[in-house]
Amino acid sequence: MKTLEFLILGKNEAILTILLRLVNANENWNAVGFNDENAAQDYFLKNKIDMVLLSSAIEDHVEKAFTTFCLKHQPEVEVIEHFGGGSGLLQSEIYHRLHLKGKL
């Protein structure tokens, strides 16, 4: 199976760290995290990303603009708003999106 590449954007450092740990615990997933949307955009433009996770403490206008940016540059990317609920919910959200895209 191809390794899925994740970009996680979140302003709460503690939660961002947890999300990175949870995603990277799956041997077929690789995640990088950012707390600055400009740095995340630069990385996004230089890398093929399969999934974007939007985490907590992101302003609404930043969330909308970043989602629009991602879909404009990589229309096949999946953008998931994840604001908590534990590791089980996160994995369920990811697997649900993969299933919908026929990647499972």
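**Exercise 1. Classify the exposure of tyrosine 43 and phenylalanine 34, and then the ring pair that they form.**

Tyrosine 43 has a relative accessible area of 23% and is therefore partly exposed, since buried means under 20% relative accessible area, exposed means over 50%, and partly exposed lies in between (1.4 Å probe, protein chains only). Phenylalanine 34, at 16% relative accessibility, counts as buried.

This is a predicted model, in which local features need pLDDT of at least 70 and side-chain atom pairs count only at pLDDT 80 or more, while totals for chains, interfaces and linings use all residues. Residues are numbered from 1 along each chain as its sequence is written, and side-chain values use heavy atoms, with hydrogens and water left out.

For the ring step, rings of Phe, Tyr and Trp (its six-membered ring) pair if their centres lie within 6.5 Å, and planes under 30 degrees apart count as stacked, over 60 as edge-to-face and the rest as tilted. This rule gives five aromatic pairs. The ring centres of phenylalanine 34 and tyrosine 43 are 5.4 Å apart and their planes stand at 50°, so this pair is tilted. Ring pairs also link Phe6, Trp29 and Tyr95 into a cluster.

**Exercise 2. Work out the strand order of the sheet, and find its edges.**

Strands are DSSP runs (E, at least two residues), numbered from the N terminus, and two of them pair if DSSP finds at least two bridges between them. Four strands, in the order β2-β1-β3-β4, form an open sheet with parallel pairing. Its edge strands are β2 (29-34) and β4 (78-81), each of which pairs on one side only. Strand β3 (residues 51-54) is joined to β4 by four bridges, and leucine 54 has glutamate 81 in β4 as its bridge partner.
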